[in-house]
Amino acid sequence: MDWGTELWDQFEVLERHTQWGLDLLDKYVKFVKERAEVEQAYAKQLRSLVKKYLPKRPTKDDPEVKFSQQQSFVQLLQEVNDFAGQRELVAESLGIRVCLELAKYSQEMKQERKMHFQEGRRAQQQLENGFKQLENSKRKFERDCREAEKAAHTAERLDQDINATKADVEKAKQQAHLRNHMAEESKNEYAAQLQRFNRDQAHFYFSQMPQIFDKLQDMDERRATRLGAGYGLLSEAELQVVPIIGKCLEGMKVAAESVDAKNDSQVLIELHKSGFARPGDLEFEDFSQVINRVPSDSSLGTPDGRPELRAASSRSRAKRWPFGKKNKTVATEDFSHLPPEQQRKRLQQQLEERNRELQKEEDQREALKKMKDVYEKTPQMGDPASLEPRIAETLGNIERLKLEVQKYEAWLAEAESRVLSNRGDSLSRHARPPDPPTTAPPDSSSSSTNSGSQDNKESSSEEPPSEGQDTPIYTEFDEDFEEPASPIGQCVAIYHFEGSSEGTVSMSEGEDLSLMEEDKGDGWTRVRRKQGAEGYVPTSYLRVTLN
């Protein structure tokens with residue numbers, strides 16, 4: 001079925017329909033254009049948002065970048081930035097493949113439609129002109145027939161009138177004959193005009209206009225097909241970036257799963273561990289001695305001894321540096337303004353950098369030497385003297401770097417000695433291991449073999465019970481051990497302990513243990529070794545960290 005056959009008389013309908021189709025094409029182009037602008041604005045806002053939240057400082061100068069949380073956040077921002085780039089690609093694809101191409105195609109369709117309808121209107125105008133000519137010839141023929149009939153009646157009336165002269169009768173007959181001849185010519189002209197018009201009309205309705213309508217149908221179908229393809233480009237532009245967007249979303253998921261809370265806690269320790277020893281116990285300042293004291297010749301200082309007390313008090317306060325305000329320090333080349341542990345780490349980093357630079361300069365020197373040897377053996381390849389300045393510069397750099405390496409090695413050795421001395425100070429109060437608790441470990445059938453000495457300040461603060469110290473405190477020890485339990489913390493063995501009694505477990509100095517049960521007040525703590533052995537050890541032998 002085609003328009004030329006079925007819609008031969010619907011010229012105005014086809015004109016409205018084809019115009020509607022082109023308007024729809026223009027409407028879709030406008031929609032896609034605004035959609036591309038939305039995508040561009042969305043991508044721009046995303047990029048601005050990412051730029052706003054990206055770290056301002058260089059990555060290597062930002063200590064926060066070492067935390068997995070910050071690394072994941074930066075990775076998340078980068079994925080969002082890549083996502084914004086894909087939205088820009090969608091906007092660009094829509095702008096080129098849809099807006100520009102369809103707009104150009106719409107203009108071509110408008111020109112073609114205009115040409116077809118102009119051709120149809122010319123054919124209509126020609127048919128209308130032919131019909132007018134036919135009507136004119138018809139009216140002329142009708143008029144001439146009336147005139148001929150009138151002339152014939154006049155001639156007949158004169159011929160019968162006895163009073164009419166012969167000349168009048170002859171003249172009337174000639175006039176009638178002339179009118180009859182004119183009517184005959186008009187008849188022939190009308191017949192010819194009618195035949196011509198019928199031929200033109202048949203050509204118009206059966207050939208000329210159907211061809212024009214078929215061309216319009218073909219044009220409209222091509223426009224509809226192209227518009228449908230344009231609809232598909234909208235989804236195709238999205239589908240092209242789906243794999244990349246999927247990778248962006250997958251990267252966001254990986255960034256979320258990369259957050260490691262335990263590692264971040266360790267990083268914080270590495271960044272800010274000072275290496276200082278913990279402050280010692282404050283000494284008791286007995287101001288009552290001033291009252292009871294009698295000045296004598298053997299007394300040192302002032303008679304009341306107050307300066308000595310104030311000096312001791314000042315020393316005590318000076319030791320408790322964590323609670324004081326930290327003064328701003330000026331950075332030094334040896335990082336002595338930093339705490340010992342941080343100083344050691346920074347010096348180690350600087351030393352590694354200098355060693356890498358030194359190795360690089362030495363490799364360059366060897367390469368220059370080999371090049372010089374080649375130039376000496378093959379002069380046409382180059383002048384050996386031209387390499388002398390570079391070799392001298394490299395040697396100077398090597399000497400400078402060696403001096404810096406020696407300097408940093410000396411500073412590093414000094415810093416490491418400070419760290420070790422601070423560690424020694426922190427354990428100075430434990431010159432020897434404290435005695436185990438006087439009470440037996442839980443579920444132990446025999447009394448403890450070691451009788452605790454009360455002179456050591458680091459021993460258990462609980463006083464040993466006066467009676468029944470060999471009585472087991474926990475009667476369900478074996479049942480507790482049979483039940484699976486999760487550690488409630490971590491601890492480190494400060495001293496070596498030989499678990500010879502029932503219910504105890506041995507441990508080595510510096511060994512990491514899992515804390516299974518806190519001290520119940522008897523001086524014993526239940527731990528688990530990495531090998532799986534579980535038992536009680538003296539609380540004073542441990543440094544405990546609860547979860």
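The model is predicted, so local features need pLDDT of at least 70 and side-chain atom pairs count only at pLDDT 80 or more, while totals for chains, interfaces and linings use all residues. Residues are numbered from 1 along each chain as its sequence is written, and side-chain values use heavy atoms, with hydrogens and water left out.

Reader: How many helices and strands are there in the protein?
Author: Helices (H or I, at least four residues) and strands (E, at least two) are taken as DSSP runs and numbered from the N terminus. Counted in that way, the protein has 10 helices and five strands.

Reader: What percentage of the residues in the protein is buried?
Author: Buried means under 20% relative accessible area, exposed means over 50%, and partly exposed lies in between, with a 1.4 Å probe and protein chains only. Of the 547 residues in the protein, the buried share is 33%.

Reader: What is the reach of helix α5 from its first C-alpha to its last?
Author: Helix α5 covers residues 261-272 and has 12 residues. The expected span of a helix is 1.5 Å times one less than its number of residues, and for α5 the expected value is 16 Å. The reach in the model is close to that value, at 17 Å.

Reader: Which residues of α5 are buried, and against which helices do they pack?
Author: The buried residues of α5 are Asp-264, Val-267 and Leu-271. They cover an arc of only 55° around the axis, taken from the directions from the helix axis to the C-beta atoms, which puts them on the same side of α5. With contact meaning heavy atoms within 4.5 Å, the buried residues of α5 pack against α3 (68-160) and α8 (340-377).

Reader: Is Gln-217 buried or exposed, and which residues does it touch?
Author: Gln-217 lies in helix α4 (residues 166-257) and counts as buried, at 11% relative accessibility. A polar atom of the side chain of Gln-217 lies 2.9 Å from the backbone nitrogen of Trp-3. Leaving aside residues up to four places away in sequence, Gln-217 touches Met-1, Asp-2 and Trp-3.

Reader: What is the order of the strands in the open sheet, and which are the edge strands?
Author: Two strands pair if DSSP finds at least two bridges between them. The open sheet of five strands has antiparallel pairing and the order β4-β3-β2-β1-β5. Each edge strand pairs on one side only, and these strands are β4 (534-538) and β5 (542-546).

Reader: How many bridges join β3 to β4?
Author: Strand β3 (residues 524-528) and β4 run antiparallel, and between them Val-527 has Gly-535 as its bridge partner, while Trp-524 stands opposite Pro-538. The two strands form a hairpin with five residues between them, where Gly-532 in the turn has a positive phi of about 110°. The number of bridges joining β3 to β4 is five.

Reader: Why is strand β2 described as largely enclosed by the rest of the structure?
Author: Strand β2 (residues 512-517) pairs with β1 (residues 489-493) over four bridges and with β3 over three bridges. The description follows from burial, because the buried residues of β2 number five of the six.

Reader: Which residue makes a polar contact of 3.1 Å with the side chain of Glu-517?
Author: Glu-517 has its place in strand β2, where its bridge partner in β3 is Arg-526. At 14% relative accessibility, Glu-517 counts as buried. The polar contact of 3.1 Å joins its side chain to that of Tyr-536.

Reader: What is the phi of Phe-335?
Author: Most residues other than glycine have a negative phi. Phe-335 is found in the loop between α7 (306-319) and α8 and is buried, with a relative accessible area of 10%. Its phi is positive, near 60°.

How values were computed. Polar contact = N/O pair within 3.5 Å; in protein donor to acceptor, adjacent residues only side chain to side chain.
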